[in-house]
Amino acid sequence: MTAAEIPVRHETCEHVTRITLDRPEALNALTPEQRERIIGLLARASADPEVRAVVLTGTGRGFCAGADLRGGAAAGERVSGDVARTLRLGAQRLIAAVLDCEKPVLAAVNGTAAGLGAHLALACDLVLAAESARFIEVFVRRGLVPDGGGAYLLPRLVGPQRAKELMFFGDALTAADAERLGLVNRVVADGELDRASRDWAARLAAGPTRALALTKQLVNASLDADRATAFAAEAAAQEINMTTADAQEGLRSFVERRSPGFRGR
């Protein structure tokens with residue numbers, strides 16, 4: 001299958017890369033080809049100085065219904081190590097690609113986000129959700145253990161007890177409840193999601209890109225670090241960032257009492 005045949009649409013406009021899952025008939029359940037395409041696009045956006053923000057979204061009624069388990073993926077003889085290897089090279093690489101992207105990644109959750117699809121959204125730096133969006137830790141319904149970093153992401157977002165409640169029962173979480181729990185930054189009307197995501201992405205793209213990248217790195221790393229390590233990382237990030245043109249522009253604009261004009265460098 002060529003890149004053009006994989007149902008993932010993408011465009012880069014005004015420094016924003018927009019990645020859209022485009023299998024609405026399957027609620028955008030992820031095939032291996034789609035997963036690899038998204039990983040590649042995130043890597044490209046991370047490395048491209050002209051890209052300063054990324055939006056992930058879907059078409060139709062689903063953001064992403066998780067991994068597509070059809071075509072024998074859930075059946076057949078198992079060889080020891082196959083499942084762990086598949087997860088390392090598949091779902092975990094996808095989530096890591098979002099977490100490690102050097103540009104801010106915004107999820108625009110347009111509908112159902114289930115299983116790996118929920119974790120794909122929650123790995124993003126910011127999450128906007130349409131009122132009709134639903135988040136479902138569907139694994140328990142199939143007798144499965146959560147994958148795609150769920151047991152890593154959820155406790156850090158809502159605490160261990162709430163995470164266990166979501167994972168033990170597998171109940172659908174409305175967008176409003178997800179916002180109340182802190183899984184979603186903001187809920188908007190279904191018809192406003194595209195505009196809201198473009199507005200937020202434009203604001204991110206107009207920001208100091210390297211400073212945002214370092215801030216993302218600091219926040220993500222702080223969740224696993226002690227205070228001394230976190231403070232040392234902060235000092236190192238400040239040292240690096242002060243060499244950027246945007247930091248110099250920010251200081252000049254303060255002295256000159258004007259709005260800064262950041263260029264992402």
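Predicted model: local features only at pLDDT ≥ 70, side-chain atom pairs only at ≥ 80, totals over all residues.
Local features were considered at pLDDT of at least 70 and side-chain atom pairs only at pLDDT 80 or more, whereas totals for chains, interfaces and linings use all residues. Residues are numbered from 1 along each chain as its sequence is written, and side-chain values use heavy atoms, with hydrogens and water left out.

Helices (H or I, at least four residues) and strands (E, at least two) are DSSP runs numbered from the N terminus. Strand E5 spans residues 105–109 and is mostly covered, five of its five residues being buried (buried, under 20% relative accessible area; exposed, over 50%; partly exposed, in between; 1.4 Å probe, protein chains only). Val105, Ala107 and Val109 point one way from the strand, while Leu106 and Ala108 point the other way. Residues on both sides are buried.

Strands are taken to pair if DSSP finds at least two bridges between them. By this criterion, E5 pairs in the parallel sense with strand E3 (residues 53–58) over four bridges, and Val105 in E5 stands opposite Val54. Strand E7 (residues 126–130) also runs parallel to E5, and four bridges join the two; here Leu106 stands opposite Leu126 in E7.

Positive phi values in residues other than glycine occur in two loops. Glu14, with phi near 50 degrees, lies in the loop between strand E1 (8–13) and strand E2 (16–21). This residue, Glu14, is exposed, with a relative accessible area of 69%. Asn28 has phi near 60 degrees and lies in the loop between E2 and helix H1 (32–47). Asn28 is buried, its relative accessible area being 0%.
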